[in-house]
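Student: Could we go through this structure together? I would like to start with the strands and then turn to the aromatic rings.

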Amino acid sequence: MKKTILILAVCIMLSGCGANKKEKENINNYYANIEAIVLNNGNDSLEIPFEYKLNVTKKADNQYEYSVEILNPKVAMYSIEAVAVDLRTDLKADMFPSCGIFEEEEINMIPNQANKDKGFPAKIVLNGVSKTPDVQLNMVVGWLNDNKSKSEKVYFKLKETYKEPVVEKPKEETTEETTEETTEEVTEEATE
């Protein structure tokens, strides 16, 4: 009985250590991607085989929420990893939006095909928060090709400034009654 408990305890410890090792690998991978962005010096890749866009909205607490969408791939992309970094912030203290690094499931995209249940979303969205309305992000997106024999990485910058929505005042509508009254007044003045 003591041997069984000892073996069970060792198995639990080993499984915990395995998870801890994977977590450390993920963290190292995350920081390696940030370092790659810094070392890239803001140079955009010449060919980016997907579309991307940045949206900024204002939150109630005077912070700004942004979302980066990666969509419409032109090539098959497997095991996608992406990180969006604001280089104006503290790179060691702040946590930046990422995908494909800490998730257990692979993220893949194939042109003109989407099946979220099987790990092929139509788009990938990275969400973050900024203290300023001027959002400036440097991105890295990495993936493996269709037979997973070659890795690719692209770099690009995104910039968007939140603008308060312009609220137009409703135009005054003229009603038939107003038109009739005006016509009667003009007619009376003309006859006098």
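Predicted model: local features only at pLDDT ≥ 70, side-chain atom pairs only at ≥ 80, totals over all residues.

Student: How many bridges join strand β1 to β2?

Tutor: Eight bridges join β1, residues 51–58, to β2, and the two strands run antiparallel. Within this pairing, Leu54 stands opposite Val68.

Student: And what lies between them?

Tutor: Five residues separate β1 and β2, which form a hairpin. In the turn, Asn62 has a positive phi of about 60°.

Student: New topic: which residues make the nonpolar surface patch?

Tutor: Ile27, Tyr31, Met95 and Phe102 make a patch of about 370 Å². Met95 sits in the loop between β3 and β4. Met95 counts as exposed because its relative accessibility is 58%, and the cut-off for exposed is over 50%.

Student: How many aromatic pairs are there in the whole structure?

Tutor: A search finds eight. One of them is the tilted pair of Tyr30 and Phe102, with 5.6 Å centre to centre and 50° between the planes.

Student: Why does that pair tie together parts that are apart in sequence?

Tutor: Tyr30 lies in helix α1 and Phe102 in the loop between β4 and β5, so the pair ties together parts 72 residues apart in sequence.

Student: Is Tyr30 buried or exposed?

Tutor: Tyr30 counts as buried, at 1% relative accessibility, whereas Phe102 is partly exposed at 36%.

Notes:
Residues numbered from 1 in each chain as written. Heavy atoms only, no water. Pairing = 2+ DSSP bridges. Helix = DSSP H or I, 4+ residues; strand = E, 2+ residues; numbered from the N terminus. Patch = residues over 30% accessible without salt bridge, like charges linked within 9 Å, V, L, I, M, F, W, Y side chains within 5 Å. Areas by Shrake-Rupley, 256 points an atom, 1.4 Å probe, with all protein chains shown as cover. Salt bridge = Lys/Arg side-chain N within 4 Å of Asp/Glu carboxyl O. Buried < 20%, exposed > 50% of the residue type's maximum accessible area, 1.4 Å probe, protein only. Phe/Tyr/Trp six-rings, centres within 6.5 Å; stacked < 30°, edge-to-face > 60°.
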